[in-house]
Every structure is written in C-alpha cells, then in structure tokens.
Number of protein chains: 4
Amino acid sequence: MTLKFGVIGTGAIGREHIKRITDKLAGGKIVAVTDVNLDSAKQAVEQYSLDATIYEDDQALCQDENVDAVLVTSWGPAHEQNVLNAIEAGKYVFCEKPLATTAEGAMRIVQAEMKHGKKLVQVGFMRRYDPGYVQLKNAIDANEIGEPLMVRCVHRNPEVPETYGTEMAVVDTLVHEIDVLHWLINDDYKSVQVLYPKKTSRAHAGLKDPQIIILETKSGIIINAEVFVNCHYGYDIQCEVIGEDGVAYLPEPASLVTRKSAQLSQSIMTDWKVRFIDAYDVELQDFMDSIKQIGEPNGPTAWDGYIAAVTTDACVKAQNSGQKEDVALEEKPAFYDNKAAVN
Amino acid sequence: MTLKFGVIGTGAIGREHIKRITDKLAGGKIVAVTDVNLDSAKQAVEQYSLDATIYEDDQALCQDENVDAVLVTSWGPAHEQNVLNAIEAGKYVFCEKPLATTAEGAMRIVQAEMKHGKKLVQVGFMRRYDPGYVQLKNAIDANEIGEPLMVRCVHRNPEVPETYGTEMAVVDTLVHEIDVLHWLINDDYKSVQVLYPKKTSRAHAGLKDPQIIILETKSGIIINAEVFVNCHYGYDIQCEVIGEDGVAYLPEPASLVTRKSAQLSQSIMTDWKVRFIDAYDVELQDFMDSIKQIGEPNGPTAWDGYIAAVTTDACVKAQNSGQKEDVALEEKPAFYDNKAAVN
Amino acid sequence: MTLKFGVIGTGAIGREHIKRITDKLAGGKIVAVTDVNLDSAKQAVEQYSLDATIYEDDQALCQDENVDAVLVTSWGPAHEQNVLNAIEAGKYVFCEKPLATTAEGAMRIVQAEMKHGKKLVQVGFMRRYDPGYVQLKNAIDANEIGEPLMVRCVHRNPEVPETYGTEMAVVDTLVHEIDVLHWLINDDYKSVQVLYPKKTSRAHAGLKDPQIIILETKSGIIINAEVFVNCHYGYDIQCEVIGEDGVAYLPEPASLVTRKSAQLSQSIMTDWKVRFIDAYDVELQDFMDSIKQIGEPNGPTAWDGYIAAVTTDACVKAQNSGQKEDVALEEKPAFYDNKAAVN
Amino acid sequence: MTLKFGVIGTGAIGREHIKRITDKLAGGKIVAVTDVNLDSAKQAVEQYSLDATIYEDDQALCQDENVDAVLVTSWGPAHEQNVLNAIEAGKYVFCEKPLATTAEGAMRIVQAEMKHGKKLVQVGFMRRYDPGYVQLKNAIDANEIGEPLMVRCVHRNPEVPETYGTEMAVVDTLVHEIDVLHWLINDDYKSVQVLYPKKTSRAHAGLKDPQIIILETKSGIIINAEVFVNCHYGYDIQCEVIGEDGVAYLPEPASLVTRKSAQLSQSIMTDWKVRFIDAYDVELQDFMDSIKQIGEPNGPTAWDGYIAAVTTDACVKAQNSGQKEDVALEEKPAFYDNKAAVN
C-alpha cells in the first residue's frame with residue numbers, strides 16, 4: 001500500500017519533503033501539489049518528475065479523493081487554515097511547525113480534530129526522531145537516572161541575519177526545545193522567566209543575545225535553557241537531565257576524532273541543516289508507517305502543537321515583562337491521552 | 001524508475017534485504033525469488049506480500065527479463081556460480097560477502113565481468129557506507145593527517161559459539177577490515193604475519209583467541225589488526241590511522257553519556273547487528289541509485305572481492321605457518337581503475 | 001630561610017596542615033601551637049614530633065617572637081579574633097575559610113590589615129591553586145574564548161548528614177564557587193536569586209536540595225550555579241565559562257578509562273577530600289614562597305574573604321526571600337588592587 | 001630526621017634534583033657535591049645557597065660520613081662506577097637512568113648490592129610514580145580487567161634533533177616503557193621483534209622513524225609498542241592493557257576542554273618535561289620517606305636496572321637483525337623478591 005500525498009507549499013522545505021518521499025523513503029507518493037505561486041508548484045512537479053495534479057488552492061487539493069495525506073509546508077500564517085481544510089476533508093496531515101501562529105488557532109485545530117473523532121494531525125517536530133533524544137528518553141523512562149529534577153539545555157547557532165529579532169529566539173529557536181523537553185520528561189510547563197546575560201558584541205543592535213529561559217514544570221522540575229544564536233563557534237545542541245540518581249546527556253554527534261597540532265579534537269557542526277537531517281527521514285517514514293499500521297500518526301500531535309503555541313506565547317510575554325509568567329495550558333483532553341509509543 | 005530485483009537465497013540476510021527494499025528504501029522492488037529450499041522462497045513471498053515470481057533455480061531467475069538486478073544471499077559456496085549466472089544474463093548483481101570462497105573463483109568472476117565489458121557486480125562490504133568510515137576516509141583523502149604510516153584496528157566480539165574456529169577469525173571476522181582498510185588508505189597489501197598472544201580462558205579449546213594480524217602494504221604502511229572474539233565486554237570496532245601530521249580515529253558510535261554510580265560512562269554495543277545497521281540501508285540505496293544515475297554500481301567491486309579472497313588466503317597461510325607470508329595479488333586491470341567516488 | 005608557624009587549632013584540618021608543613025612541603029616549620037583544648041595541642045605536638053611551644057591562648061602564641069606566620073585552623077566563629085590578634089602582632093596569617101562569620105567581621109580584618117599597612121592575610125580558598133582552575137583562568141585571561149558572558153557551575157556531593165541545613169548549601173558549599181568565580185572572570189557580584197527545583201527524595205525533611213543560585217555580576221555576566229548535595233552518584237565539581245568566541249570547561253580529573261561490561265567509563269570521585277588534595281599543598285607552599293620572595297602572601301586576600309562574606313549573606317537572604325537580592329559590596333580599596341599574579 | 005645527600009653531577013638534571021630537594025620536598029638536604037667540572041659544582045652550591053662540601057671526586061664524596069645518600073646525575077657512562085662507589089661506602093643511591101650502559105655493568109651493581117646485604121639502590125624510572133600509571137597498575141592488580149593478554153603503548157615526540165639515531169629510539173625513548181610495562185603486568189620479557197613502517201618524511205636521513213617494537217613476555221602477553229619521535233603533533237604517551245574482561249587505559253593528562261572554531265578540543269602537550277614533572281617530585285619524596293620508614297628505597301631496584309639493560313640490548317639487536325631476538329634475563333635472585341608495595 002502506498003500513502004498518497006498532496007503537498008501544500010512547494011518552497012525549500014516542501015521540495016525537500018517531496019524529494020524525501022520520492023527518492024529516499026518507502027511507501028509514499030506525491031499525487032497532488034499546490035502553492036500560492038502556481039509556477040513554483042509546476043516547477044516542483046517537473047523537477048522531481050512527479051505524476052501529480054496541480055491544484056489552484058489548498059481546499060481543492062484536500063478534496064481530491066486520490067489524496068490520503070496532506071503535507072503542509074506553506075508559510076507559517078497559512079498553516080492553521082491548511083490543516084483545518086485537511087481535517088474537514090478527513091485527510092491525514094503532516095504539518096511543519098508551527099501548527100498555528102496563535103494558541104487560539106492551535107486550539108481550533110485541536111477541536112476540529114476531536115470533532116472529527118480520530119487523530120489525523122502530526123506536527124513536524126523532528127527532534128523526537130533523533131536517535132540521541134530517543135536514547136535519552138528511553139533512559140529517563142527506564143528510570144536509569146531516577147526522577148528528573150533539573151534539565152539544562154543549550155541551543156547555539158554560529159550566527160543569525162539582521163532579520164532575526166529577540167522574539168525569534170523563542171518562536172523560531174527555542175520552540176524545538178519546548179516541544180522535545182515536555183515529551184522527554186513527561187511533564188507540563190507551569191511558568192517561565194527570561195534572563196538576559198551580557199550581550200555578545202556579535203549580536204546586531206536590535207537583538208538580545210544570549211538569552212536564558214527558565215521554565216518550571218507542574219511537578220517542579222526546573223529547566224535552564226540557553227539560546228545563543230551568535231555563539232560563533234558552531235551549531236551546538238546540548239541537553240542534560242539531572243535526576244535523583246544520576247545525569248544523562250544527549251550524545252554529541254559521532255564525529256571524527258583527531259590528534260593534530262597539539263589538540264585532541266572532534267568536529268562541531270556549523271550547519272544546523274546537517275544536525276537532524278536523518279531525523280527528518282525517520283519522522284516522515286514513521287508518519288507513513290504508523291498510518292498504515294495503526295490507522296493514525298504516532299508523532300507529535302495537534303495537542304503538542306497547542307502546547308508549543310501557548311508556551312512560546314508565555315515565553316515572549318516573559319521576554320518583555322522581565323517577570324515570571326504563567327504557562328496557562330488548558331487541561332489535556334482524554335482524546336490525546338492514549339498514544340502508542342514511538343518505537 | 002524502479003529497479004527490479006531477483007533474490008537468490010531467502011534465509012535470514014536475504015529476508016532482511018527483501019524487507020529493506022520493500023519497506024524502507026526508495027526505488028526498488030522484489031519481482032523474483034528462489035532458494036534451494038523452495039518452501040523458504042514461498043514463505044518469504046508471503047511474509048512480505050511480494051508480487052514476485054518464484055523460481056526453481058538461480059539460472060532461471062537470472063534469465064527472467066523482468067529482473068534488472070540479482071541479489072545474492074545464498075550460502076557462501078554458491079555465490080560464485082550465482083554471480084556468474086547473473087553476469088551471463090547481463091544483470092547487475094549485489095552479492096553478499098564472500099564474492100567467492102577461493103581466489104580463483106573470485107578471479108573467474110572478475111574475468112567474466114571484464115568480458116561482459118561493463119561493471120555489474122557490487123560486493124556487500126557495508127562498512128564503506130558507515131558514516132564513521134566515510135569521515136575517516138574523507139579526512140585521509142583531504143590530507144588532514146598527512147601521509148598514512150601506520151594503522152591500528154580492533155575487531156572485538158563479546159563471544160563466539162563452539163563452531164567458530166581459528167581460521168574464521170580471518171575469513172569471517174577480519175575480512176571486513178581487509179576490505180575497508182585498503183580502501184581507506186588507497187594501498188594494496190604486500191605481506192602478512194600472525195601473532196598469537198596469551199589465550200583468553202574464555203576461548204574454547206580449538207580456538208586461538210585473541211590474534212594479532214600484521215599486514216604490510218606495498219608502500220610500507222604497517223597495519224596492526226587485533227581480532228578478539230571472546231573479549232566479553234562488548235562488540236567493539238576501532239580504527240586509527242597514524243599519519244605524518246596526526247592521527248585520525250573512527251568515531252565511537254554516538255551513545256548516551258551518563259554520570260551514575262561514580263562513573264562517567266557511555267554504552268558499548270554488544271550486538272554486532274546493530275553496529276552497522278544503517279550502513280546496510282545506505283549501501284543498498286547507493287547500489288540502486290548508482291545504477292540509475294551512472295549505469296553501474298558504485299560500491300566495492302568484483303576486484304575488491306578478489307583482493308579480499310587473496311588476502312584472507314594469505315592470512316590463513318600465515319596463521320598456520322607462523323611466518324610472514326606474501327599477499328600475491330595480480331596486477332589491477334585498468335577496467336577497475338576509474339571509479340566514481342562514493343559520495 | 002624557614003618560615004616558622006604558630007598554629008591556632010589542632011583539630012582535623014589543623015593537623016593536616018601541620019603534617020603537610022612538616023612532612024611534605026619545603027621551607028616551613030611548626031614552632032608553636034595552641035587549641036581551646038590544650039590536650040589536643042599536646043597530642044598534635046607528640047603525634048608529629050614537633051619542637052614547638054604549647055600556648056594557652058592565641059594571643060600569647062601570636063606574640064611569640066619566634067613565630068613568623070600564624071595558621072588559623074580553629075572553629076569558624078573564632079577566626080575573626082585569631083586573625084585580628086595575628087595582625088596586631090604584625091604576623092602573617094593563613095586563615096582557613098571563613099575569614100569571619102559576618103561581613104562586618106571581615107571588614108574589621110580588612111581595616112586592621114590596611115591600618116597595619118602591608119598585606120599579611122591569606123584565606124584558605126584552595127581552588128585557585130587547582131591546576132584545572134588555573135588552566136581555565138589562564139584561558140580566560142588570554143582571551144581564548146573572548147569576553148565571558150555566562151558561567152555554569154555545578155557542586156554536587158553524594159550525600160550530607162542530617163545536620164546539613166538549607167543555608168549550608170551557600171555558607172559551606174557554594175562559598176568555594178563564590179570565591180573562585182569572581183577571580184576567574186575578574187568581576188564583582190551585583191545580585192543573586194535562588195531557585196528551588198523539585199526536591200530529591202534523598203534529602204532529609206529540613207533540607208531544600210538541589211538549589212540553583214543565579215548570580216549576576218556588575219558587567220552583566222550571569223552565573224548559574226547548581227548545588228546538589230545528595231546527588232548520590234559522586235562528588236562532582238563542574239565549571240564552564242561561555243564567552244563570545246567559545247566555551248571553556250574545567251577539566252575532569254584525570255582518571256582511568258576502561259572498556260568493561262558494555263561501558264566505556266571513567267571513575268568519578270566520591271570523596272571530596274581527594275578532589276583538591278594537591279591544591280592544599282600548592283596553596284601552602286605558595287603562601288610560604290610568596291612571603292619569602294615578595295614579602296607578602298599572594299593568594300586570596302582579606303578583601304576576598306570580605307567578598308565571600310557579603311555574597312554568602314546575600315545568597316542566604318535570597319534563599320529566604322525568593323527574590324533577587326543585591327550583593328552590596330563596598331568599593332574595593334586601592335590597597336588590594338596591586339596583586340602579584342599567582343604563578 | 002633529615003636525609004643528607006651527596007650529589008654526583010651538577011648538570012641540568014642534577015640541579016633540578018638539587019632544587020627539588022632544597023625548595024620543594026620535605027626531609028632532605030644537600031650536604032656534598034661533586035662534578036667532573038668542579039666549577040659547575042661550585043656554581044650549583046652558589047645558585048641554591050647550599051651548605052655543602054665540594055669534593056674533587058665521587059669516591060671522596062661517597063666516603064663523607066655526613067652523606068646518607070648519593071644522588072647520581074653524572075653522564076651515563078659514569079653511572080656504574082658512581083653507584084659501585086656508593087655501595088662500597090654503604091650509602092643509599094638514587095641513580096638516574098641508565099643504571100649502567102651494559103647488562104654486565106648492571107649485573108656488577110646487582111652483585112655488589114647483594115654482597116652488601118641490603119637494598120641501597122633506586123633507579124630513576126619516574127613513570128611508576130605517575131598517578132595515571134599508578135591507577136592503571138592498581139586496576140590490573142585488583143583484577144578489574146582480568147588477566148592481561150595484550151598491551152599497546154605509544155611513545156611519540158613532536159621532533160628530535162639530528163643527533164638522535166635509530167638505536168636511541170630504544171635506548172633513550174622506549175627504555176621508559178621497558179621499565180614501566182614489566183612492572184605494570186608483573187611479568188618478564190622473553191623476546192622482541194622490531195618492525196619499520198613507512199618512514200615519515202620528517203625524520204632525518206639516518207633515522208628510522210616510526211618503529212614498532214613487539215615484545216613477548218614469559219606468560220605470552222604481546223606488547224605492541226610504537227615509538228614515533230617526529231610525530232609532529234605533540235608529546236603523547238599512551239598505554240592500554242587488554243585483559244580477559246576488559247581494557248584499561250592510562251588516563252590522558254587533565255587538560256582544558258574548549259568548544260571553539262567548530263572543534264571540541266583538549267590540549268596535547270608538546271614538551272616532554274611537563275608530562276611527568278610531578279612524578280619526579282613523588283619519586284624523590286618516596287625515596288626519602290621509604291629509607292626513613294622501612295630502611296630501604298622502595299622504587300625501581302638495581303634488578304630493574306638490569307632488566308632494562310638486558311632488554312634494551314635485545315631490542316637493539318632486533319633493530320639490526322630484523323629477527324625475533326631473545327631477551328636473556330638471568331633468574332631473579334630471591335634478594336629482589338620481597339618488595340614493599342609502592343603506595
């Protein structure tokens with residue numbers, strides 16, 4: 001059985017997913033595409049020699065009976081309506097982050113999905129599919145370090161362009177930690193506080209960099225998250241969970257070790273695109289396999305998208321107020337409770 | 001375009017490759033199978049819901065016009081004839097190691113392929129597709145450690161069954177190093193000597209374990225290879241190349257780091273099947289992609305299979321003689337000289 | 001020339017220093033001892049076969065013309081008066097931490113020393129003599145990681161007795177970081193905030209453990225210090241300075257690496273006494289050598305003792321208030337500005 | 001009690017030991033010096049303000065009743081006679097390596113010492129006092145890795161001068177491994193073979209570099225020792241013992257870790273003098289302490305000096321013959337059997 005995809009949005013990330021499904025993964029096929037720029041949709045069809053219908057809008061694409069699942073890779077503000085249209089048509093949806101640009105929008109998707117009665121939506125938080133995070137999650141769940149008490153994580157980029165503003169540290173950068181951490185420690189966020197250390201001279205005038213975001217969870221775990229997007233030396237993702245019995249670390253990416261020029265060294269990546277490249281493959285393959293095997297996607301849900309939206313909102317509020325701010329999540333519906341384990 | 005495979009041998013490794021091509025990789029399809037035990041072939045077809053013809057023998061399978069490429073996963077002694085049949089039919093062949101059980105057999109394949117006039121054969125030495133070895137190879141080729149002078153490698157298994165004899169340390173175990181090392185350092189073997197250190201009390205009576213195999217290359221590089229198949233503590237593959245300017249190491253597999261019970265630790269694998277699991281995927285995907293893109297497979301060639309056969313023969317001779325033995329390779333035909341780089 | 005010591009306090013740490021000066025270091029000699037328990041003083045003289053006068057009180061000992069330097073290893077509340085008596089007598093003083101139990105007491109010593117007109121006092125903060133911290137300091141001062149922006153440090157003990165209360169996390173434990181960090185980054189503390197993560201079930205009822213202490217410096221550096229005194233797994237001191245160009249870490253203590261039982265491991269210490277054992281030797285040797293070579297001690301000064309006292313006070317206030325509290329340091333007198341570099 | 005030293009040889013290493021005993025260690029004093037160049041002896045006395053008699057020859061110095069122990073730091077060829085003179089006078093001797101330049105000379109010292117009836121001699125093999133080797137020795141003796149089967153060690157220098165010849169790789173460089181390894185694994189050497197890998201272009205014309213020396217012990221352990229004295233990248237000493245249950249490694253020296261310029265690195269030393277600098281202190285302090293506490297030195301004995309001499313001779317023979325050569329040790333006299341453990 002082949003899962004037939006309709007793709008909304010044929011920009012860079014859309015084409016990467018098209019290529020992935022077409023040339024690298026098993027069991028999927030692109031059968032329909034659309035884009036606000038129809039020429040781009042046509043070019044994508046040509047570039048990957050797709051046997052796909054080109055639609056003028058997302059609604060028509062969603063209604064195509066030949067489409068089993070919709071891949072939402074349009075620009076962020078369009079995601080909410082794209083996903084709602086897919087749900088309306090009863091189609092599975094894989095939506096790149098964010099699920100919606102507001103908490104209310106994410107909640108509308110949650111409600112539409114619940115009304116539909118079956119899980120359809122997966123949000124593209126690929127870190128949960130990174131083998132390192134999976135090892136870390138397994139160690140925590142297997143109680144290898146005891147009850148988690150603290151988390152320390154680091155998200156460093158070598159540099160960012162002038163267009164990157166202070167809020168993007170949360171909305172674009174920390175959002176990956178926001179998703180992966182509550183999954184890792186099986187807990188929900190309660191409050192957040194943001195600290196601004198001494199600013200690096202490499203950050204442009206309008207950007208506070210680095211930032212320290214301190215999240216507290218409902219059970220009292222304190223997460224210390226550093227975002228430093230002009231760290232200069234490389235792209236570096238660290239995560240360390242301190243438990244009652246010990247500490248577990250996200251593994252460093254396997255990298256050549258050398259003894260050279262009076263240094264024992266291993267390389268640090270500089271390009272973020274390389275860091276989780278395999279996770280994108282695993283994530284999409286799992287989306288397809290889960291739908292075939294258990295009838296629903298098995299990754300981050302619409303509810304996880306809602307958590308991300310509410311938490312980033314609270315972080316932005318804390319960035320501006322300098323105070324500790326509440327992360328005011330609605331109670332989790334039972335609908336989202338039973339989730340098959342990510343293997 | 002889909003590459004259509006005929007599979008000769010539906011035992012454990014055969015089925016793994018069938019599953020890989022069917023459920024995980026893009027662009028391939030199983031269209032024919034055979035096995036000396038026809039029931040096994042039938043079960044494989046059923047197990048993976050294949051739309052495949054079942055043949056009574058390998059020759060018939062090779063002649064099937066629907067078959068583009070033959071996957072040889074029969075038992076070792078059958079490989080030579082399987083591969084010759086496939087070449088005879090002008091089909092691409094992916095053959096699990098060994099290409100042939102004798103140097104003469106491997107040479108017959110080389111000659112058949114050269115007579116055919118185009119490269120058809122890839123041997124299943126998957127380590128060349130391991131990202132760690134690829135990094136090591138790239139560092140050497142980029143002259144990051146200068147001219148290689150020495151290599152040290154280690155191949156350790158936690159334990160082996162009673163059926164594992166002294167020669168298997170070369171034929172079954174070291175053979176992976178034999179292939180990957182000459183590729184790594186772009187050199188050919190000249191001689192080999194085997195030393196037997198103090199025997200571990202965990203080795204059964206008939207097995208010399210550990211063994212140290214010292215290979216010298218034509219340019220004078222000395223390779224010190226340890227095979228220790230009852231090392232007890234884990235499955236551990238190490239490789240270190242010492243050059244004029246520095247040393248480069250095969251990376252340790254990325255693995256969770258913990259601080260626990262007064263130890264800062266990371267896990268060592270115990271199951272060899274896990275160590276290169278991803279390399280099997282990459283290797284088969286590359287086989288398919290290369291055939292589509294450049295019209296021939298791009299991995300280890302029949303000539304590499306011949307090198308492995310001649311070198312294991314010399315190692316076995318050195319195991320028995322206690323002397324330094326020649327590795328008497330024929331001169332490499334120009335046919336095997338131009339090889340597109342493994343990406 | 002031999003530096004002649006009078007020792008005030010012959011308990012455990014007093015005897016260790018006596019043994020050190022007598023049996024291990026060069027250039028010092030114990031010539032006088034006293035203790036509130038005179039029997040203890042007599043036993044110490046006997047135990048180390050000292051040729052030393054036993055005094056009934058610290059004042060008499062300080063006045064002994066034969067005494068060049070006073071070693072204060074009495075209990076904490078006596079330190080201030082011991083040190084003032086030594087200064088009064090014009091003697092050099094090596095005082096174990098704390099210099100005084102209050103900021104006012106430390107300030108009285110500072111003023112007495114300034115009135116005396118020459119530096120006499122060194123406080124026993126031994127970490128500045130640990131080779132790891134010295135390397136870290138040198139790297140920062142040599143601008144190897146650029147301007148420091150953030151510091152993260154960890155102080156973990158496997159367990160503490162029932163008598164260890166919440167304030168001791170600052171007064172007894174964090175005090176070492178308080179001294180070493182402002183020296184490391186050449187900055188002064190401005191404010192402090194204390195967070196209480198989820199409590200470990202191993203901490204007794206009256207103890208908040210772990211604690212996170214967030215110090216901000218005058219230039220804006222944010223220090224994130226974790227104190228976790230029931231971490232169970234070992235005694236573990238970590239320090240990481242994040243600068244504009246890179247990150248530098250306090251080295252892990254050199255420790256045997258093994259591959260064993262499916263783990264690649266190195267030992268973590270469990271006994272705090274072992275961690276900085278060599279630093280105690282270097283510290284006392286430097287005290288003696290500096291007096292001989294430059295006429296004054298070269299280690300942590302009375303002013304550093306004052307900084308520690310003011311900062312621990314602010315930390316305790318922050319522990320209790322849950323608010324950000326000021327670290328209200330007086331302006332540093334020029335008297336303490338010119339300091340010969342520690343080797 | 002102070003141990004009074006007479007020093008034979010006031011060159012570089014002699015003066016370092018004089019400084020050590022005078023300014024750094026406890027319990028020793030220089031009371032007599034001599035040198036073939038009397039001016040040098042006078043300068044040393046002046047430089048360190050020694051209260052020491054200057055002798056015209058070593059025999060007179062040894063006979064000085066005020067001298068308890070003789071420190072032999074003359075040039076190598078003089079060592080044998082210096083030590084014999086000291087034994088003749090019944091004095092303790094600390095002799096820098098080599099004990100004698102020939103196996104016969106070393107044996108003469110062994111016999112003189114046995115005739116004297118008490119152990120007097122310690123040879124300056126300082127590695128046994130390095131904390132890393134001590135940890136490795138303790139792990140082996142505590143059976144943490146089971147029975148040793150193989151050893152791999154590496155001795156790399158960044159470069160050597162033109163005067164360094166092929167034999168010096170054994171006589172000057174490997175000699176440290178020769179001593180420390182038989183102590184580590186509690187075994188004696190039986191044979192040796194030398195291999196010459198491809199030569200580095202950095203070695204001068206007359207020097208074979210690198211070299212691989214393969215030693216076999218009486219119990220069958222195989223030691224693979226690499227000497228590479230123009231390795232360019234640093235001074236690097238490695239040692240790894242592979243046992244039945246696991247592997248133990250000499251720890252890397254503790255060194256600052258940084259993340260910088262896309263590298264996670266730690267420094268490798270370039271200056272051999274720094275690597276074991278602390279071990280020299282511990283070694284001499286132990287010499288003094290052992291004499292005081294147990295009446296004889298506790299370090300490497302005259303017999304160990306003899307082992308080193310016989311083994312280096314065999315290695316040089318193997319360098320020249322290209323064959324496996326015997327290490328023909330006499331049977332160890334019972335006199336050298338009972339040895340208090342190095343703490």
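**Salt bridges, domains and chain interfaces of the predicted assembly**

In chain B, a salt bridge joins the side chains of R156(B) and E226(B), with an N to O distance of 2.7 Å. R156(B) belongs to strand β7 (residues 148-156) of chain B and E226(B) to strand β10 (residues 222-228) of chain B, so this pair ties together parts that are 70 residues apart in sequence. The model is a predicted one. Over all chains, the count of salt bridges comes to 84.

An unreviewed entry in UniProt assigns residues 3-125 of chain A to "domain: Gfo/Idh/MocA-like oxidoreductase N-terminal". For residues 137-324 of chain A, the unreviewed UniProt entry gives "domain: Gfo/Idh/MocA-like oxidoreductase C-terminal". The span of residues 137-324 of chain A is 35% helix and 27% strand, and its end C-alpha atoms lie 28 Å apart.

The interface of chain A with chain C was examined next. The contact involves 38 residues from chain A and 38 residues from chain C. About 2,800 Å² is buried between chain A and chain C, and carbon and sulfur atoms give 54% of this area. On the side of chain A, M150(A), K198(A) and E244(A) supply 23% of the area buried against chain C, more than any other three residues. Across the interface of chain A and chain C, 8 salt bridges are found. In one salt bridge between these chains, E240(A) is paired with R152(C), and the closest N and O atoms are 2.9 Å apart. Polar contacts between chain A and chain C amount to 15 residue pairs, with both residues at pLDDT 80 or more. At least two residues of the side of chain A that touches chain C come from each of β7 (148-156), β8 (189-195), β9 (211-217), β10 (222-228), β11 (236-243) and β12 of chain A. The element that gives the most to this side is β7(A), with 5 residues. By class, the side of chain A that touches chain C comprises 17 nonpolar, 11 polar and 10 charged residues.

Chain A also has an interface with chain B. Here, 24 residues of chain A are in contact with 24 residues of chain B. The area buried between chain A and chain B is about 2,000 Å², with 55% given by carbon and sulfur atoms. In chain A, the residues that lose the most area to chain B are Y249(A), L256(A) and R259(A), which together account for 29% of what that side buries. Between chain A and chain B the count of salt bridges is 0, whereas 12 residue pairs are in polar contact, both residues being at pLDDT 80 or more. Two or more residues of the side of chain A that touches chain B are given by each of α1 (12-24), α6 (131-141), β12 (246-249) and β13 (257-260) of chain A. This side of chain A holds 11 nonpolar, 6 polar and 7 charged residues.

Strand pairing is also found between chain A and chain B. Over 4 bridges, β12(A) pairs in the antiparallel sense with strand β13 (residues 257-260) of chain B. G246(A) stands opposite K260(B), a residue of β13(B).

Terms used
Residues numbered from 1 in each chain as written. Chains lettered and ligands numbered in written order. Heavy atoms only, no water. Contact = heavy atoms within 4.5 Å. Buried area = accessible area lost by both parts, 1.4 Å probe. Salt bridge = Lys/Arg side-chain N within 4 Å of Asp/Glu carboxyl O. Polar contact = N/O pair within 3.5 Å; in protein donor to acceptor, adjacent residues only side chain to side chain. Nonpolar A, V, L, I, M, F, W, Y, C, P; charged D, E, K, R; others polar. Pairing = 2+ DSSP bridges. UniProt positions renumbered as here; feature names shortened; annotations may be inferred.
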